[in-house]
Each structure stands twice: as C-alpha cells, then as structure tokens.
Amino acid sequence: GISALADALNNVYYNPKKESGWFTPINSMCVQWDIDVNFIKRVKIVGSISGNGLGKNPETIIMEERYYDKNDTFTLDNKQQLFVIAPPRKLAQKRWEYRVVLVGNDLSKSINTTFAAAGKYTRYRSNYHPELSERGYTKWVSNTETHRNYISRQRGSADWSGDFAMMEDIFIQVGKDNKSAASYYKMNKKEKECMDNFLLSREQNCIFSETNYDENGKCLDQDEHGRDIPMGDGVIPQIERYCDKFSYSILTSDVFDDVLSAMREKSDNPTGNNYAVICNERLWDQVGKALAADLRFVSPSDGSYFYSKQANGAVKVGAQFNAYTFQGNTITFMPNRVLSQEYPTHGYGIFLDTGADLASGRPNIAMFTLQGSELISGNLVGMGGKNGNTSGEITTSVHGSSYHLLGYSGAVVFNPYKSFILEEARTL
C-alpha cells in the first residue's frame, strides 16, 4: 500500500523544527511545500461555446479566468485549436468571454462542441501576429504553487481480563492440536489484532482521509474540551483535484499504452520513468488476464511461456504479471486490499510517478511523521500481569491489562499533477 511504497522508497520524513528546502512546517502538525507547475496550466470552460464555428464563423466561449490574450491559440481536449480574435471581456467573477475562430485551412470543418462545453479544459498553444504588430504577451506556464497538508494522529487499544489471559494459551493450544479436525478455538494474539487495526487505520488515513483544516490553517473539529482533532488529506483527495482520469470498459494493453503516454507528458524525461500503481484486486486480476491474452506473450509453437514441467512430472500452468513496459517507461502494479474494500465491484488504480523530481531532487510521494512518533506502544499491567496469574508490581488493581498504540502519519504527494486515476466504467 501507500505506507509500504513510501517505506520501500525510503521516503519517510520526520517533520523538522527548522525550515527545509523541501517544505516549510507551519507548526508541528503541518507540512507546506512549493512546486513548479511547468507547462501544465489548464483553463476551465465555464460557459459552452455559442456554435460550431463552421466556415471560420466567430463564436464566443466563456472561461474561468483571464489567461489567453488576443492573437493566442489554445487547444481543446480533442486537439482542435481556437484562435482568439478579440481581447477577453469580463462578465462576472470567474467568467471571461472570449471571441474565437477555428484554426485551420478547411472551411468545411467545424468545432466539436462536445469538447468546448462547460466543464471541459483548454491549454495554451501559441500566438500569431501580423506585420507591424504592436505587442505580445507572456504566459506564466512556469508558475509556482504552494501546497499544504496536515499530519493526523491514530490510536489503537486492546483490553483483556485476567481470566481471558489465563485461558488464551489453552484456546490457542487446542487450535493447534494436530488431532483436531478444525481449529474452533483458534484466536489471534490481542497485541497483533491491535496492531493490525492500527495499521489499517493509518493506511486508510493516508489513502482516503479528507482534511478538516480551512484555508487559514484552522482545524474545524474539536472534542468536548476544545482540543483540535487534526485530519490531513490522503493521497486520493490530493491527486483527484489535479490529476487526469481515464475510464475503460475492457482492460487491454492499449489502455496501458494510453495511460503511459499521458503520464510521460508530465514527467521530466520521456523515457526511463517508473510508475507505481496502487490498485484493487479486481484491477490486479484484469491486468493478469489482459497481459496473458496479449499476443506478444503467447508462444506460436507450444505456448511454453505459460507452462513448465516439474521434476515429478507435474505441469505448472500460468504466469504472474506485475509490471508493464511501453516505450522505455514501466508501470508496476501493487494490489491493495484497502482499495478492494472501498471499490469492490469495479477496477480502480492510482498511478504515481515514483521518480525523483529533477529540479528539487525529492520523490513525488512521501510519508511524514513527528520525530520519534511514528509508532509508540505501551502496556497498562493490572493484577495478575499480562498472563493473568503473575504476581508482582501492578499499575492498577483491576484483574486485567491493556495494550495501547499511538502514531502520527500523513501522506504527501509533492506534485499531484504527475498522477493518474484509472477506473473501470460502471452503471449505477
């Protein structure tokens, strides 16, 4: 999952007290950083185009902001380009009217209004001027954005009576009895159950959590004593605001090729990139079926890619596909049961660029915690000790004990633009 990926990449950071070149902590529970947004500026359409512009007929379209100028061209999602023929006019807050014509030399072509509808996006292409033109304009395609996230606090506790502690070993021994046909009394260790629940809570926080801090850094939830209950954004809420999304009906290698092409556009280099895909088990199974059916993996003679004869004569059939390479870029799939529980009926995967940014040198995804507080554990030992029948020093007169875990965690996607969500189409 997200935690395992960050650990594997050695991208777990402790929030320092001094300012760093990678991020600036506002306080002990906050992480703030800047990113350079290079050539990924997209301007949203908020008012559909007035017509199809057939025969170079001028049309009007309404954008969310004043970004394009007269003589600029911008592209729609279907790659058609529009030429701005007049200065933009402000209609209201976040509503700017542009007068445009379709670019090209074929008067029989028209604008595909589906891609010029409200909710779609545009991107700057270039600008064109006549002789004796008076001036040009600058597009801030390398603007800097400040992003912020918060560290959350999770806990886990397990309590048990002295009688249960004394009987637990008996229950487990019965469960392991070789003569027993079924392990009716087999029980997990209480500490393991507590740890599993804590790790599940931390993983789901780092994937799905939605922050409860407002834009001024004020926590909006408190307990009955007025103490803040901090919640940071998980990976999915961070990237969903900025990333591209692709929906598929049937998963094929062509889908992987299209996704890799889209991811490559946002990477620093066109080749040599490695992308990690945190996916649910349905997508994981579909990946195996898609690649097993791909003709590039099928031997034309005997199909030896898919079976091998072992020494005892048994035949092993099948293969496991966990990575896919296209034009020098690789995606590696990592199934995650948390995503399977959240999306049980359709395939879902999060594509993340795991490489280091060339400008800053930092990875795209990392985990943050407080110094020395990634995981804190403690035991409250009562009468009878941990096993219920041990004499000695006690911290409570209750015939029982408890085990407690506490930790601080937060996931940071340093550049959420370098992400992608692949989701199977479904009917509700």
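This is a predicted model: local features need pLDDT of at least 70, side-chain atom pairs count only at pLDDT 80 or more; totals for chains, interfaces and linings use all residues.
Q: Thanks! How many helices and strands are there?
A: The chain has seven helices and 22 strands; these are DSSP runs numbered from the N terminus, H or I of at least four residues for helices and E of at least two for strands.

Q: And how much of the chain is buried?
A: Buried residues make up 40% of the 428 residues. Buried means under 20% relative accessible area, exposed over 50%, and partly exposed in between, with a 1.4 Å probe and protein chains only.

Q: Nice. What is the strand order in the six-stranded open sheet?
A: The order is β12-β22-β18-β13-β17-β16, with mixed pairing; two strands pair if DSSP finds at least two bridges between them. At the edges stand β12 (244-248) and β16 (323-326), each with a single partner strand, so one side of each is left without a neighbour in the sheet.

Q: How does β16 join β17?
A: Four bridges join β16 to β17 (residues 329-335), and the two strands run antiparallel. Phenylalanine 326 stands opposite asparagine 329 in β17.

Q: Switching to cores: which residues have the most contacts inside the largest nonpolar one?
A: Leu251, Phe256, Ile331, Phe333 and Phe351 do, in a core of 20 residues. A nonpolar core is a set of buried Ala, Val, Leu, Ile, Met, Phe, Trp, Tyr and Cys residues joined through side-chain atoms within 4.5 Å.

Q: Which elements supply this core?
A: At least two residues each come from α5 (253-266), β13 (274-279), α6 (281-293), β17 and β22. The largest share, six residues, is from α5. Apart from this core lies another, of 18 residues, including Ile239, Cys243, Leu339 and Leu352.

Q: You listed Phe351 there; which ring does phenylalanine 351 pair with?
A: Phenylalanine 351 pairs with phenylalanine 420: the ring centres are 6.1 Å apart and the planes at 80°, so the pair is edge-to-face. Rings of Phe, Tyr and Trp (its six-membered ring) pair if their centres lie within 6.5 Å; planes under 30 degrees apart count as stacked, over 60 as edge-to-face and the rest as tilted. This pair links distant parts of the chain, with phenylalanine 351 in β18 (residues 348-353) and phenylalanine 420 in β22 (residues 419-424), 69 residues apart.

Q: Are those two buried or exposed?
A: Phenylalanine 351 is buried at 0% relative accessible area, and phenylalanine 420 counts as buried at 5%.

Q: How many aromatic pairs turn up in the whole structure?
A: The search finds seven. One of them is tyrosine 67 with tyrosine 68, edge-to-face at 5.4 Å centre to centre and 80° between the planes. Tyr67, Tyr68, Phe74 and Tyr98 form one aromatic cluster.

Q: Last one: where is aspartate 233, and what is it in contact with?
A: Aspartate 233 is in the loop between α3 and α4 (235-240), and is buried at 7% relative accessible area. Leaving aside neighbours within four places in sequence, aspartate 233 is in contact with Asn149, Ser209, Glu210, Thr211, Gln238, Arg241 and Ala411, where contact means heavy atoms within 4.5 Å.

Methods. Residues are numbered from 1 along each chain as its sequence is written. Side-chain values use heavy atoms; hydrogens and water are left out.
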